[in-house]
Amino acid sequence: MADPRPRVWVSQPLFDDVVERLGQYFDLDMTAEVTRHTPSQLAARLAGADGALITLNERIGAAEIANAPRLRAIANVGVGYNNLDVDALSAAGILASNTPDVLTETTADLGFALLMAAARRITESERWLREGQWGQWSFRTMLGADIHGSTLGILGMGRIGQGIARRGALGFGMRVLYHNRSRLPEATEAEVGATYVDLDTLLAQADHLVLVLPYSAASHHIIDAAALAKMKPGATLVNIARGGIVDELALADALANGRLAAAGLDVFDGEPTVRPELLALRNVVLTPHIGSASQATRRAMVQLAVDNLTAALDKGPHAGRPPSAINADAVHAARAGAAFVGAKKTDDAKR
Ligand code: GLV
């Protein structure tokens with residue numbers, strides 16, 4: 001009997017017309033409603049799957065894959081992948097992938113939108129107007145901070161950080177400083193108009209600081225009370241990376257006591273829950289993790305994840321070579337090791 005077609009689990013409703021392209025090669029198990037899967041639900045869905053198309057809301061580690069012997073590929077619809085325990089996936093020979101590049105410019109747009117909304121008090125102004133307070137207008141109503149000609153600091157200078165640098169330098173005549181684990185080549189620095197500085201200098205000199213670095217143990221609470229205290233009085237902070245990068249209670253304090261003028265946050269520690277200390281503040285703009293949420297970009301992300309999954313399960317034009325695999329080398333090593341152990345067991349049995 002021919003092998004049954006591989007099975008793919010799709011964790012959330014995405015764009016059906018794009019996802020259904022997987023149907024050419026695989027049997028699809030599609031989740032019809034937006035669902036917050038518990039760890040045991042995740043384990044149950046993955047147990048019978050060869051591949052999975054998942055979003056940032058699904059956290060997958062050793063426990064979730066422990067009973068998934070057929071699972072060979074996980075395609076994350078998102079560029080950040082701190083929801084995946086990549087070491088556990090690699091050890092199990094599961095190829096993980098993400099969706100870089102296609103969301104760079106859209107996410108940089110949102111970073112800039114949050115920066116402008118926070119610095120120029122746009123959402124606060126709108127609330128004030130809707131509350132019928134315009135009659136209280138004075139010449140000094142809703143004074144904010146200038147964007148043009150100011151100093152923009154960027155922490156994390158990957159593709160999205162570079163997109164924000166370009167917008168600041170070329171569009172708004174900003175002086176752009178950045179800090180990153182590794183310095184960019186000089187030609188790239190010149191192209192995006194940014195100057196490398198150490199973290200303390202970045203904190204001390206930025207009028208507006210945008211966080212765009214990946215979340216990891218090393219970046220957990222990198223912006224804590226001590227870092228906030230080093231920032232310019234009256235500065236703006238924008239976080240479009242991951243909530244855990246910022247100590248949110250320390251940030252709420254700095255915003256409440258006027259040390260920072262404003263913040264724009266698209267990501268939160270423990271989202272979708274947002275701390276009451278942040279919700280209570282008027283000088284913070286809050287958005288529900290919509291960095292890449294344009295029609296075109298969200299569709300492109302799903303298409304790239306579909307391509308990644310198809311290739312990781314050895315089908316389609318890129319069979320065996322997913323366009324954006326995260327752990328290809330580690331998986332090849334783990335699979336080679338498993339094949340070696342398997343062959344050795346067979347040899348031993350023959351003796
Ligand atoms: C969004 O935060 C992403 O990582 O794609």
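**Strands and their partners**

A: This is a predicted model. Begin with how strands pair: strand 1 and strand 3 (residues 51-54) run parallel and are joined by three bridges.

Q: Which strand pairs with strand 1 over four bridges?

A: Strand 2 (residues 27-30) does, and it pairs with strand 1 (residues 7-10) in the parallel sense. Val10 has Met30 in strand 2 as its bridge partner.

Q: How many helices and strands does the chain have?

A: The chain has 14 helices and 12 strands. Its C-alpha atoms fill a box of roughly 90 × 45 × 35 Å along the principal axes.

Q: What percentage of the residues count as buried?

A: Of the 351 residues, 46% count as buried. The cut-off is a relative accessible area under 20%.

Q: Which way do the residues of strand 9 point?

A: His208 and Val210 point one way from strand 9 (residues 208-211), while Leu209 and Leu211 point the other way. All four of these residues are buried.

Q: Which strands pair with strand 9?

A: Strand 6 (residues 151-155) runs parallel to strand 9 and is joined to it by four bridges. Across this pairing, Gly153 stands opposite Leu209. Strand 10 (residues 235-239) also pairs with strand 9 in the parallel sense, over four bridges. There, Val210 stands opposite Val238.

Q: What unit do strand 9, helix 10 and strand 10 make?

A: They make a β-α-β unit, and the unit is right-handed. To trace it, follow the chain from strand 9 through helix 10 (residues 225-230) to strand 10.

**The ligand**

Q: Which residues are around the ligand?

A: The residues around the ligand are Leu56, Gly78, Val79, Gly80, Leu103, Arg242 and His289. By class, this shell divides into three nonpolar residues, three polar and one charged.

Q: Where do polar atoms of the protein lie relative to an oxygen atom of the ligand?

A: A backbone N or O atom of Val79 lies 2.8 Å from an oxygen atom of the ligand. For Gly80, a polar backbone atom is 2.7 Å from a ligand oxygen atom. For Arg242, a polar side-chain atom lies 2.7 Å from a ligand oxygen atom. The ligand on its own has 200 Å² of accessible area, and the protein covers 88% of that.

**Single residues**

Q: Is Asn76 buried or exposed?

A: Asn76 has a relative accessible area of 0%, so this residue counts as buried. Asn76 is placed in strand 4 (residues 73-76). The side chains of Asn76 and Asn83 are joined by a polar contact of 3.0 Å.

Q: What separates the C-alpha atoms of Thr297 and Thr104?

A: Thr297 and Thr104 are 193 residues apart along the chain, and their C-alpha atoms are separated by 9.1 Å. Thr297 belongs to helix 13 (residues 295-312). Its relative accessible area is 7%, so Thr297 is buried.

Val302 is also found in helix 13. With a relative accessible area of 2%, Val302 is buried.

**Backbone angles**

Q: Which residues does a cis peptide bond join?

A: A cis peptide bond joins Glu271 and Pro272, with omega about 15 degrees. Pro272 lies in the loop between strand 11 (260-265) and helix 12 (276-279).

Q: Which residues other than glycine have a positive phi?

A: Among them are Arg121, with phi near 55 degrees, and Asp314, with phi near 65 degrees. Arg121 is in the loop between helix 5 (104-119) and helix 6 (122-130). Asp314 is in the loop between helix 13 and helix 14 (328-350).

Notes: Residues numbered from 1 in each chain as written. Predicted model: local features only at pLDDT ≥ 70, side-chain atom pairs only at ≥ 80, totals over all residues. Heavy atoms only, no water. Near = heavy atom within 4 Å. Polar contact = N/O pair within 3.5 Å; in protein donor to acceptor, adjacent residues only side chain to side chain. Areas by Shrake-Rupley, 256 points an atom, 1.4 Å probe, with all protein chains shown as cover. Nonpolar A, V, L, I, M, F, W, Y, C, P; charged D, E, K, R; others polar. Buried < 20%, exposed > 50% of the residue type's maximum accessible area, 1.4 Å probe, protein only. Helix = DSSP H or I, 4+ residues; strand = E, 2+ residues; numbered from the N terminus. Pairing = 2+ DSSP bridges. Right-handed = clockwise from strand over helix to strand, strands pointing away.
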